[in-house]
Each structure stands twice: as structure tokens, then as C-alpha cells.
Amino acid sequence: MAWHLPAHVTFTKTDTGAVLLDSRRSRYWQTNDTAAIVLDRLMQGADVESAVADLCTRYPDSAEQITADVQNMLGKLAAAKLVIP
């Protein structure tokens, strides 16, 4: 499944993660570096499984937790209408 940003949301990488700006509500959301990696991969057209696999390569001791955390993060961002599956 491809994920993308709605037209009113801007994604910007920072030194410590990323920022998602919701221009409709004049609100921003800050993510940590790990979430920024996932979002960047998804915005480049990768699927969730590929983004998770990338993180599991970086952090092999946390593979089980990574899958759950990525799904949780995407669920929260989708509920806030910051990403669209």
C-alpha cells in the first residue's frame, strides 16, 4: 500500500527527525529520527514493509518492536489526517 501526504501537509526533515506542518489547522507535528526515516521512505514510494525492513537492518535487536511501532505511528498520523494510506 502506498502512503502519501494530503495537499495541506508539508514534510520537512530536521537534524533530529522531521516536522509535518498541517496548513489547514496551522499546527505542526514533530517526529523523532526513526519516524522521519519511515516517513521519508514512504514519501519516496516505498511500502511499509520495505520501510520496516530498513529499520530492522539498522536495529536488528528491535525487529519485533519496530513493526508494532511503525503501525502505531502510521495509525496515529492517519487519524490526525497527516498521512493517507
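## Arg41 and Asp54

Arg41 is partly exposed, at a relative accessible area of 23%. The model is predicted. Asp54 also counts as partly exposed, because its relative accessibility is 28%, and the cut-offs for that class are 20% and 50%.

Arg41 and Asp54 form a salt bridge, with 2.4 Å between the closest N and O atoms. The pair ties together distant parts of the chain: Arg41 sits in helix H1 and Asp54 in helix H2, 13 residues apart.

## The other salt bridges

How many salt bridges does the whole structure hold? A search finds three. Another of them joins the side chains of Lys13 and Asp40, at 3.4 Å from N to O. This pair, too, links distant parts of the chain. Lys13 belongs to strand S1 (residues 9-14), Asp40 to helix H1, and 27 residues separate them. Lys13 is exposed, with 54% relative accessibility. Asp40 is buried, at 17%.

Asp22 and Arg25 also meet through their side chains, in a salt bridge of 2.9 Å from N to O. Is Asp22 buried or exposed? Asp22 is buried, with a relative accessible area of 1%.

Helix H3 covers residues 63-79, 17 residues in total. From first C-alpha to last, H3 reaches 25 Å. That is close to the 24 Å expected at 1.5 Å a residue.

Which residues of H3 are buried? They are Ile66, Val70, Met73, Leu74 and Leu77. Viewed down the axis of H3, these buried residues fall within an arc of 95°, so they line one face of the helix.

## Helix H3: surroundings

Glu64, Lys76 and Ala79 are exposed, on the face turned away from the buried side. After H3 comes Lys81, with a positive phi near 60°.

Notes:
Residues numbered from 1 in each chain as written. Predicted model: local features only at pLDDT ≥ 70, side-chain atom pairs only at ≥ 80, totals over all residues. Heavy atoms only, no water. Helix = DSSP H or I, 4+ residues; strand = E, 2+ residues; numbered from the N terminus. Expected span 1.5 Å × (residues − 1). Buried < 20%, exposed > 50% of the residue type's maximum accessible area, 1.4 Å probe, protein only. Arc of directions from axis to C-beta. Salt bridge = Lys/Arg side-chain N within 4 Å of Asp/Glu carboxyl O.
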